[in-house]
Amino acid sequence: MTYRWDWSVLVSEPYLGWLLTGLGWTLLVAGAAWVLALAVGVTVGVLRTLPNRAARTFGTAYVETFRNVPLLLQLFVWYFVLPELLPAPVGNWIKRDLPLPEYWTAVIGLGLFTAARVAEQTRAGIQAIGRGQAMAAAASGMTLAQSYRYILLPIAARNVLPPLTSEFLNVVKNSSLALTIGLLELTGQSRQIESATFHGIEAFTAATLTYVVLTTVVIVALRAVERLVAIPGLMARA
Amino acid sequence: MQGRSFWCYSIAGLWGAIALAAQAHAAGPGDSPILKRIAARNAITIGHREASAPYSFIDRDQKVEGYSIDLCMKVVEAVKARLEMPSLEVKYVPINTTNRIALVANGTIDLECGTTTNTLSRQEQVEFSPIFYITGTQVLVKTDNAAKEVEDLKGKRVAVLQGSSNEQSLRMLNDTEKLGIELVYAKDLGEGALLVTSGRVDGFAADGGQIKVYAATKAQPKGALKVVGRLLTYDPYSAMMQRGDLEFTLLVKRAFADAFRSPEAEKLYAKWFGPLGIEIEPELKTAFAIQALPQ
C-alpha cells in the first residue's frame, strides 16, 4: 500500500464545508422522507386491517408495489420517467420550474418506499394485539374509528416502536441513494472530495463515522421514547 | 473468450519479446515491487472502465476493449518481454471514479487504463504514464440550441459529472463571471446526456472528447446533440500505477514512448476514433512527438 494519508483534508476548506453541506442534505432528506413515510405508512397499514375489502386491497397493492421494486430503480422512475409520462405542461414544470427537483424527488421516492415498510409494521402491530381488544371495544359501544383511535393504535404504536427504529435507521442510510439523482448528500460529498483530492479513504471514513453517530443518536432517542411511553404491565419488557 | 484473448496476447507477447530482444534491457523483475508481484502471481491486473467507449469499456461480447486498453497492452507486452514470461495472464478489474485510486494505491491493480486526468495533486497519490489523450471541458447541448459558449447559458441549468474536473472549472467560472448557472449533478456520461435530451438541463459540461463521441454515436435521433464551446480546462489522460516504483514507471514510459514513436499510438487512435469521424487533433500529435523520447 503506497497510500499517503492526510487527515487534514477533512478539516481544511472547502472540504469541511462540503461535508457539512452533505450532512445537512442527509438530515433534510431523511427527516422529510421519514415524516412522509410515517403519514402514508400508518394510513396504509391501518387500511390493511380494516373490515372493508376495497380498503384492504388498496393497502396490499400499495405495499406490494413499493416493497417489490428496488429503491434505486424507484428513484430513477420518479426522476427520469414520471415527467415524461405526465402531460407536457406538468412534466415541463417538474423538470424546469420546480425548485430543488432532486431534493423533492428524493424525499418522495424514499418516503413512499419506506411507507410500504412502515405500513407492514403498523399492520403487524395492530394484528399482534389480538381480536379480544377490538371486540371489547365494539362491545363497549365504540365505533370502528374510536376503537382504532383509543384502543388499537396506541397499543400498536408501542408494539412497533423497536422495528420502527430500524426503519428510521434505514431512511438515514438509504438517503445516500439520492446521490444517484444528483443530490450531493453526505456520501455524494465524500465522493466529491475523493475526486478533488484523491484522498477518498479519509473522506469515506469521515462519512462512515458520521452515519454511525447519526444512527446512534436515532437509536438512543427512540429508546428514550420507548421508555417514556411504556404502559407498566401491558407488555412484557426485557 | 478467455481462451481466445489468452492466445491473442500470447502471440502478441511473443512478437513483443522478439522485437524487444534486440534492445535487451535488464531482464527479470529487478528491485521493482510491482514487477516482482506480477511475476509471483504470473498475472498482470489491468483496471478498466465499464462504459467509457471508446477509451475503456466492455463490448457486446463482454470483452474489455478500447483505445486506453490497447495502449496498455503495449505495456503488457513489455512486461512479458522483461520478465521472459510470454504466457503471462492478463486479469481485468472493473473500476470507477470512486475506487480507482484506492485500488491502484493498495496494489490490487497494476495499471489503470481508463479516462483519468493526470493532475499534480493526484500525483501525490499515484504515478502517471505519459499523456495519451488530451481533451478539455466543453458543453453538450441540443442541436437547436443557439449557445456557442458556456457564457451563453447564463442563468440556465447545466449538468456536470459529480466530482469531475469539469465541475470544478465550471463552478469557478460561474463565480468569477457571475453567470448564475445552476449546476445539476449527474452520475455518469449517459445520465448527463439524458438530462440534456429530456430537457431537464440546457447543457452538460464534460470532457469534450467523450461528449463528442456520445453525440456521434448515441444521440437519439441522430444529430440531436452537438458539442460547443472552447476548451475550458486542460485534461490530459494518463494511465495510473502505484507510486514510488521507478523501475516499473520507466518500463511504462518506455512502452508508451515506443508506441508514440512507431507511430502505433496514432494507428490506435485512428482505429478507435476514425469510425466515429473524429480525427486526431494537432495538440495530441504534438504531445506524441514530444513524449517519444529517444532510446
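1. Helices (H or I, at least four residues) and strands (E, at least two) are taken as DSSP runs, numbered from the N terminus. This is a predicted model, in which local features need pLDDT of at least 70, side-chain atom pairs count only at pLDDT 80 or more, and totals for chains, interfaces and linings use all residues. Residues are numbered from 1 along each chain as its sequence is written, while chains are lettered from A and ligands numbered from 1 in the order in which they are written.

2. In chain B, 5 strands make an open sheet of mixed pairing, in the order 11-10-12-9-13, where two strands pair if DSSP finds at least two bridges between them. Strand 11 (182-186) and strand 13 (225-228) of chain B are at the edges with a single partner strand each, so one side of each is left without a neighbour in the sheet.

3. Helix 6 (residues 189-197) of chain B lies across strand 9, strand 10, strand 11, strand 12 and strand 13 of chain B, at about 155° to strand 12 of chain B; axes are lines fitted to C-alpha atoms, for helices over the stretch in contact, and angles run from 0 to 180 degrees between N-to-C directions. Contact between two residues requires that their C-beta atoms, placed from the backbone, lie within 7 Å.

4. Between the chains, 20 residues of chain A are in contact with 26 residues of chain B. On the side of chain A that touches chain B, helix 8 of chain A gives the most, with 7 residues.

5. Strand 10 (residues 157-161) and strand 12 (residues 203-207) of chain B run parallel and are joined by 3 bridges.
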